[in-house]
Amino acid sequence: MNTESMVHLVGAGPGDPDLLTVKALRLLQNADVVVYDRLVSDAILDLIPPGVSRIAVGKAPGRHSLPQDRINELLVSLSRAGRTVVRLKGGDPYIFGRGGEEAQHLAQHRIAFDMVPGITAASACSAYAGIPLTYRGLSSGVRFVTGHCRADRPLDLDWRGLADADTTLVVYMGLANIDQVRSKLIDAGLNPTTPAAAVENGTTGRQRRCLTTLDRLPDEVQKAGFQSPVMVVIGRVVALAETLDWFEPQLRAPAATAGGRQLGHG
Ligand SMILES: C[S@@+](CC[C@H](N)C(=O)[O-])C[C@H]1O[C@@H](n2cnc3c(N)ncnc32)[C@H](O)[C@@H]1O
């Protein structure tokens, strides 16, 4: 008898549980087991009913986590054991989330799956920091890139193409290489005074934002002691962040300053 069950690849959004989709919540409430990453917030894990099994598979920078091939195998074996699986990932599974690899593995093993998109950190963090990613006359497009690369390699991106004053650049996982991002963009011709922001723990009660310019970004972020997860946004739209500020984190972070500006509010 075939007892295989479905695997739901589900985006949890950036942290605020109110940003979970209705479909994601329904699937969590009906799952047998939830396999989740580190970036899924506690507030979202609290929505999982008590009887549902939870398996943490890590994915924290520099900390122990299950290798990707073991996660893939785990999803297959849980499904073959007849369990209804929610594979819960931060943000959107198909944006720097390796959701494509997991879906491919399931497809290769003929396991039924579906994909529930989540709000990705780029749109969520920018919205909660008062930054529209596009804006008529300021930015005609947006690009999402990763700032992550192997420790012994330089960041290999199309810097000339990215150094475009008319578009917004969003850098996921950019904290560790923030110096390189700054210098490569400036070397490629982007004005050093281009507005730039970093958003730490976006959409949560611990959100902080740092508003500055591209040339000062690494120093300001370091001075404020930002820690992962941090989203970097570079472009003229960042200049709107003071006017469009609206988010009041419930638990204010300890006051910190960057470039003389008060952080801790967003
Ligand atoms: C491995 S990527 C996962 C992205 C995720 N799949 C998404 O769609 O948002 C992790 C990176 O996303 C960004 N990120 C995710 N959640 C964030 C948050 N709440 N605040 C700031 N950055 C966040 C950070 O740049 C972090 O290093």
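In the predicted model, an oxygen atom of the ligand lies 2.8 Å from a polar backbone atom of A121, a polar contact being a pair of N or O atoms within 3.5 Å. Taken alone, the ligand exposes 570 Å², of which the protein buries 90%; accessible areas were computed by the Shrake-Rupley method with a 1.4 Å probe.

The ligand is surrounded by 18 residues (a heavy atom within 4 Å), the closest being D92, I95, T120, G202 and V230. This shell comprises twelve nonpolar residues, five polar and one charged, where Ala, Val, Leu, Ile, Met, Phe, Trp, Tyr, Cys and Pro count as nonpolar, Asp, Glu, Lys and Arg as charged, and the others, Gly among them, as polar. Helix α5 and strand β10 each contribute at least two residues to the shell; helices (H or I, at least four residues) and strands (E, at least two) are DSSP runs numbered from the N terminus.

Helix α5 (residues 121-128) is largely enclosed by the rest of the structure, because six of its eight residues are buried, that is, under 20% relative accessible area (1.4 Å probe, protein chains only). These buried residues are A121, A122, A124, C125, S126 and Y128. They pack against β6 (141-146), β7 (167-172), β8 (195-200) and β10 (230-234), with contact defined as heavy atoms within 4.5 Å. After α5 comes G130, with a positive phi near 80°.

Residues are numbered from 1 along each chain as its sequence is written, and side-chain values use heavy atoms, with hydrogens and water left out. As the model is predicted, local features require pLDDT of at least 70 and side-chain atom pairs count only at pLDDT 80 or more, whereas totals for chains, interfaces and linings use all residues.

Terms used. Buried < 20%, exposed > 50% of the residue type's maximum accessible area, 1.4 Å probe, protein only. Polar contact = N/O pair within 3.5 Å; in protein donor to acceptor, adjacent residues only side chain to side chain.
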